[in-house]
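I opened my notebook for a structure that is new to me. These entries record what I looked up, one topic at a time.

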Amino acid sequence: MEKTSLKKNDETVLEITDMNALGSGVGKYEGMAVFVPFTAVGDVIRCRIVKVCKNYAYGIIAGIEKASPRREDRGCGVYSKCGGCCFRHISYEEEARIKEKAVRDAFSRVGGFSEIPFDEFIPCPEHDRYRNKAQLPVAEENGHLICGFYSKRSHRVAKCTDCLLAPEIYSRILCTLLEMLEKKGISAYDEITGKGILRHIFLRRGYHTGEIMLCFVTSAECAVLRDIARDIISSFGEIVSVLMNINPDRTNVILGKKTVLLAGREYMTDIMCGVKVRLSLHSFYQVNTAAAELLYRKAYEYAALTGEEEVLDLYCGAGTIGLSMAKGAKKLTGVEIIPDAVENARFNAAENGIEAEFLCADAGAAAAAYAAKGAHPHVIVTDPPRKGCDTDTLDAILKMSPERIVMVSCDVSTAARDIRYLADRGYSLDKVSAADMYAGTAHVEAVALLSKSKKPSIT
Ligand code: SAH
């Protein structure tokens, strides 16, 4: 490409012709892609260039000449500062189109699949108020305690007690809490000096039960929080658990190791796909319950259980996917690395009258051990964190030679990479669906079905 004449601070008229998976519109200037956030395909904008790289540039909207019909104001006055949502300026239909394309692109570009057996796009059932979890940083502003979100690419807390993705009740709880905390003289933790007490406020709510867990994340033990815990529980009957988690470290990781019960019980409960679940603070729980139920149903469909199969659920958290499938399985085993989540999974199985085994271990190590013992589960479900599975884990899965592998993933690129690895070693990609659990944001989930290929293995 010829060197562009484009410079920082130039202003140019740009037509937006495409959209990337992170929600930025893309226009062409002298053949070069210019990425502009908060635009829509069909917009004609005046664009101010903010950065020029070798083959592309970044711009911002300086004015809109012609607004695209794909635009829709989905509310929220802070999304452009917050960085949580990138699709609140376009219709959900357009967001869904972009997300489906992102999944297809990952499978073709990263996975190298020339034909993608795309099954369906499962839309997010609710577009607002769907998040069951909130973790809000706390700070001081003009002598008052505030909580909210870190402004985009910064560690400055912007005040916001009513994120449109969180349940409405969180806003009322937070406003009451901040008042109580201020009255008792609780200070906000300061990341720069390392001084002050309260770092984050964590909230999690059961979608079907309405039960709420509240946790104060502090830099040190703080006895006064016990009084506040008692008071907040008596103001909000929905709060069943108040905890204090102590994180003295200078780190971005929110939760520390030590947790103390301040009021109520140590867990909250919910129901997922008809299974009663108990959840501790450290246990992973899908943030959008209604959407996760749709995803789990798709995973269950792909598992095609007849009552005769052994199912191995790797990265099982509190056991939710496996337990939702247990009705169709002969035997269920789950593997998870967080001890509290494993304890929850065991309890959840017993509570629902399901016979299952849960192992607290690294999924890869456990899979290798099962493979070495000659285990041959019919179906293996995997739901790893964003980085996906490593090759040792995938090799152990291959060694167990399941009939079907159901891969659930919160990162479509690593899923496509891992599926390519399996596809090169005797498995065929039969179906892939995209499931949107995070309307408004750039995240999208994928679920794929692989089966032992009838064709001879490539390796
Ligand atoms: N399937 C569950 C959890 C998915 S999130 C659900 O749908 O709720 C991924 C889970 O993998 C988390 O619970 C995390 O604690 C766990 N995990 C992360 N690394 C792991 C590893 N190396 N071995 C086993 N589990 C791991």
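**Entry 1: The ligand**

I began with the ligand and found a polar side-chain atom of Thr320 at 3.2 Å from one of its oxygen atoms. I count a polar contact as a pair of N or O atoms within 3.5 Å; within protein, one must be able to donate a hydrogen and the other to accept it, and residues adjacent in sequence count only if both atoms are side-chain atoms. I noted that this is a predicted model, where local features need pLDDT of at least 70 and side-chain atom pairs count only at pLDDT 80 or more, while totals for chains, interfaces and linings use all residues. Residues are numbered from 1 along each chain as its sequence is written, and side-chain values use heavy atoms, with hydrogens and water left out.

A polar backbone atom of Ala363 is 2.8 Å from a nitrogen atom of the ligand. For Ile337, a polar backbone atom is 3.3 Å from a ligand nitrogen. How much of the ligand does the protein bury? The ligand taken alone exposes 570 Å², and the protein buries 87% of that. Accessible areas come from the Shrake-Rupley method with a 1.4 Å probe; for residues, only the protein chains shown count as cover.

Then I listed the surroundings. There are 16 residues around the ligand, and Gln286, Tyr296, Glu336, Asp362 and Ala363 come nearest. A residue is near a molecule or strand if one of its heavy atoms lies within 4 Å of it. I sorted the shell by class and got 10 nonpolar, three polar and three charged residues. In this sorting, Ala, Val, Leu, Ile, Met, Phe, Trp, Tyr, Cys and Pro are nonpolar, Asp, Glu, Lys and Arg are charged, and the others, Gly among them, are polar.

**Entry 2: Salt bridges**

Side chains of opposite charge can pair when their charged atoms come close. I call it a salt bridge when a side-chain nitrogen of Lys or Arg is within 4 Å of a carboxyl oxygen of Asp or Glu. How many salt bridges does the structure hold? It holds 27.

I looked at Glu11 and Arg48. They form a salt bridge, with the closest N and O atoms 3.3 Å apart. Glu11 sits in strand 1 (residues 11-19) and Arg48 in strand 4 (residues 44-52), so the pair ties together parts that are 37 residues apart in sequence. Helices (H or I, at least four residues) and strands (E, at least two) are DSSP runs, numbered from the N terminus. Glu11 is partly exposed, at 42% relative accessible area. Arg48 is partly exposed too, at 33%. Here buried means under 20% relative accessible area, exposed over 50%, and partly exposed in between (1.4 Å probe, protein chains only). I also found a network of salt bridges that links Glu11, Arg46, Arg48 and Glu65.

I turned to Lys99 and Glu95. Their side chains meet in a salt bridge at 2.7 Å, N to O. The two are four residues apart in helix 2 (residues 92-110), so about one helical turn separates them. Are they buried or exposed? Both Lys99 and Glu95 are buried.

Arg230 and Asp231 make another salt bridge, at 3.9 Å, N to O. Arg230 is exposed at 51% relative accessibility, and Asp231 is partly exposed at 28%.

**Entry 3: A nonpolar patch**

I found a nonpolar patch on the surface, formed by Val50, Tyr56, Tyr58 and Ile60, with about 310 Å² of accessible area together. Patches are made of residues with over 30% relative accessible area and no salt bridge; like charges are joined within 9 Å, and nonpolar side chains (Val, Leu, Ile, Met, Phe, Trp, Tyr) within 5 Å. Which strand gives the most to the patch? Strand 5 (residues 56-66) does, with three residues. Tyr56 lies in strand 5 and is partly exposed at 33% relative accessibility.

**Entry 4: Single residues**

I checked Thr289, which is in helix 5 (residues 289-303). Thr289 is buried, with 1% relative accessible area. Its side chain joins that of Asn132 in a polar contact of 3.1 Å.

Last, I looked up Arg153. Arg153 is not a glycine, yet has a positive phi of about 50°. I placed Arg153 in the loop between strand 8 (144-150) and strand 9 (157-159). Arg153 is exposed, at 82% relative accessible area.
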